[in-house]
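Please open the model in a viewer and keep the selection panel at hand.

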Amino acid sequence: MKLLTISGSLRAASSNSALLRAVGALALSTIEVIPYHGIGNLPHFNPDLDGDSVSPFVTDFRSALLAADAVVFSVPEYAHGLPGVLKNALDWVVSSRELAGKPVALFNPSARGTYARASLLETLTAMATIIVPEAAVTFNGLGHPTSEELILQDRKMSATLLNALEVLSRSGPA
């Protein structure tokens, strides 16, 4: 299975990105984890700019989504909402439908992002994704490791992530 991971944070020291890097390190050999780092390169969404001469960054994003069997998002919350960069990325694929029918899961290092989570779930539902709630992972953030190395050393966090990956892999194509 090809699993695309997308962090909604552009911060170098993002705990969301660290969580997804840990996923890549933990994944079984049957799961190819492909991190997508290009959401910050996407132009501001404008339907007038879509079409035959769309930005190569948009084409790359759409191709990455098409090639994936499933997608995991890890997203911080800003001012009770999604980071603008992630919402912009999703807007680029609403009408082109690369996410439609894809199994998706939400991972989060902090339970405090309830508004962003709800907003992302609403957007992904409108985009006709297959949300896999059994594969969702939310840690409480307080007192839990937030670097890739520390996440990998934490047996409980690692086991939780592995379980979520197994559940998500069963929801994808055979």
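This is a predicted model: local features need pLDDT of at least 70, side-chain atom pairs count only at pLDDT 80 or more; totals for chains, interfaces and linings use all residues.

Residues are numbered from 1 along each chain as its sequence is written, and side-chain values use heavy atoms, with hydrogens and water left out.

**Strand β3**

Select β3 (70-74); helices (H or I, at least four residues) and strands (E, at least two) are DSSP runs, numbered from the N terminus. Here 5 of the 5 residues are buried, so β3 is largely enclosed by the rest of the structure. Buried means under 20% relative accessible area, exposed over 50%, and partly exposed in between (1.4 Å probe, protein chains only). Ala70, Val72 and Ser74 point one way from β3, Val71 and Phe73 the other.

Isoleucine 6 stands opposite phenylalanine 73. Next show β4, which runs parallel to β3 and is joined to it by 4 bridges. Alanine 105 in β4 is the bridge partner of valine 72.

**The nonpolar cores**

Now select Ile6, Phe61, Val71, Phe73, Leu99 and Leu120, which touch the most other members of the largest nonpolar core, a group of 27 residues. Such a core is a set of buried Ala, Val, Leu, Ile, Met, Phe, Trp, Tyr and Cys residues joined through side-chain atoms within 4.5 Å. The largest share, 4 residues, comes from α2. A second, separate core of 23 residues includes Leu3, Val132, Phe139 and Val167.

**Salt bridges**

How many salt bridges does the structure hold? There are 4, each a side-chain nitrogen of Lys or Arg within 4 Å of a carboxyl oxygen of Asp or Glu.

Select glutamate 148 and arginine 21, whose closest N and O atoms are 3.3 Å apart. Glutamate 148 lies in helix α5 and arginine 21 in helix α1, so the pair ties together parts that are 127 residues apart in sequence. Glutamate 148 is buried at 19% relative accessibility, whereas arginine 21 is partly exposed at 38%.

Move to aspartate 91 and lysine 87, with closest N and O atoms 2.5 Å apart. Both lie in helix α3, 4 residues apart, about one turn of the helix. Finally, select Asp50, Arg62 and Glu98, which salt bridges with shared partners join into one network.

Conventions: Two strands pair if DSSP finds at least two bridges between them.
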